[in-house]
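This report describes the fold, the core and the ligand surroundings of one protein. The sequence and the structure are shown first, and the description follows.

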Amino acid sequence: MGIADELRFVREMRAAATFGRFVSLNDIALHRDSPDLLEKYGIPAAAAHRGLAGGRRLLPRRSAFARYSARIRTHPWMLAEQCSPKYYRDLVRHLHTKRGRIRRIVEVGVFLGGASAYLAQAAEDLGLELHLADINPAYLGYTYERLLSLLPGSDRFVRLFHGDFPSYVAADQMLESPQGSFVQFDASHRFPDVVADMVAVCRARKWIHSLAIQDTHLRSDLIEAEVFVDMAVQAVFGTRLRYRSIGITTPGERRNIPTPHWRPFTRPRAPEGILLELAKNRCHYAPRASHG
Ligand SMILES: C[S@@+](CC[C@H](N)C(=O)[O-])C[C@H]1O[C@@H](n2cnc3c(N)ncnc32)[C@H](O)[C@@H]1O
């Protein structure tokens, strides 16, 4: 899929009847009858792969992350983990460290459930709600079924939202939430979309404890892909952002990233992701008109 096709797909999704609301498996249009979960949701097998090697070094015995990781690795279904093991470990650590202050996790951009598999286990352990939001309902369906098989009973605390974060906030989903949400973003990487996501964060800031943003180290050879996640965050929160780096940081540029059509590469010494606590940051751009 090229960038033009991707943008067309996003326009179609925004016009869908389910966009901007919670959905069940029955609402997910691509639902087919097949024992192969990828086929059932029309997802090419090449999209999935076994988890990344190398996570074992990060596994202090008896840590929550080690337990979660062991459960995921012994599960038979294919997965795709698009973040580094360290990024997932840092998310899990944050949730455990802020135990009692975070009551709900909102994950925006689930793909095949790489992060969701960790977040759902943390949600179960810590008694949190988990809302999964994605613009593509096939990924929501796949991830949800995978979670149900990995964690029977997760239907008690997991809900699916078809949409992006601005539509989640516009649908007043934050308003009915307990204060203290943690939002994990790994959704669109395009500058205007990330600005719209961050503006929505500012709108809902009263309900948000903290957020993690993935791929702050990415750029693309194709300028029209507009991959500037870190700059978009700064456009809204200012250049004096107070954050913690999460995930990996590599000394040199990396180009072997499995998303060929927009030719991404990582910036040397830039963090894979960042974690912001809202109480420590100020929104510098918060327009009154509705966005996106
Ligand atoms: C990089 S993948 C997420 C990978 C996943 N977090 C993991 O751990 O493997 C990006 C996901 O974001 C979704 N997406 C793209 N644009 C979006 C948007 N504006 N809002 C919500 N989801 C979006 C895509 O459908 C895809 O599922």
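In which sense do β1 and strand β4 pair, and over how many bridges? In this predicted model, β1 and β4 (residues 158-162) are antiparallel to one another and share three bridges. Within this pairing, Phe-22 has Phe-161 of β4 as its bridge partner.

The pair belongs to an open sheet of eight strands with mixed pairing, ordered β1-β4-β3-β2-β5-β6-β10-β8. Its edges are formed by β1 (21-23) and β8 (243-246), each of which pairs on one side only. From one strand to the next, the twist averages 25 degrees. In total, the secondary structure of the protein comprises nine helices and ten strands.

The protein has 292 residues, of which 45% count as buried. Of the contacts between residues at least 6 apart in sequence, 81% link residues at least 24 apart. The largest nonpolar core contains 77 residues, and Leu-91, Tyr-118, Leu-119, Met-198 and Leu-211 have the most contacts inside it. Beyond its neighbours within four places in sequence, Leu-119 contacts Leu-91, Ile-105, Glu-107, Leu-130 and Gln-184.

The ligand is surrounded by 20 residues, the closest being Gln-82, Gly-109, Phe-111, Gly-114 and Asp-164. Two or more residues of this shell come from each of α5 (114-126) and β3 (129-134). The composition of the shell by class is given below.

| Class in the ligand shell | Number |
|---|---|
| Nonpolar | ten residues |
| Polar | five residues |

Methods:
Residues are numbered from 1 along each chain as its sequence is written. This is a predicted model: local features need pLDDT of at least 70, side-chain atom pairs count only at pLDDT 80 or more; totals for chains, interfaces and linings use all residues. A nonpolar core is a set of buried Ala, Val, Leu, Ile, Met, Phe, Trp, Tyr and Cys residues joined through C-beta atoms within 7 Å. A residue is buried if 20 or more other C-beta atoms lie within 10 Å of its own, exposed if 12 or fewer, and partly exposed in between; C-beta atoms are placed from the backbone. Two residues are in contact if their C-beta atoms, placed from the backbone, lie within 7 Å. A residue is near a molecule or strand if its C-beta atom, placed from the backbone, lies within 6 Å of it. Helices (H or I, at least four residues) and strands (E, at least two) are DSSP runs, numbered from the N terminus. Ala, Val, Leu, Ile, Met, Phe, Trp, Tyr, Cys and Pro count as nonpolar, Asp, Glu, Lys and Arg as charged, and the others, Gly among them, as polar. Two strands pair if DSSP finds at least two bridges between them. Axes are lines fitted to C-alpha atoms, for helices over the stretch in contact, and angles run from 0 to 180 degrees between N-to-C directions.
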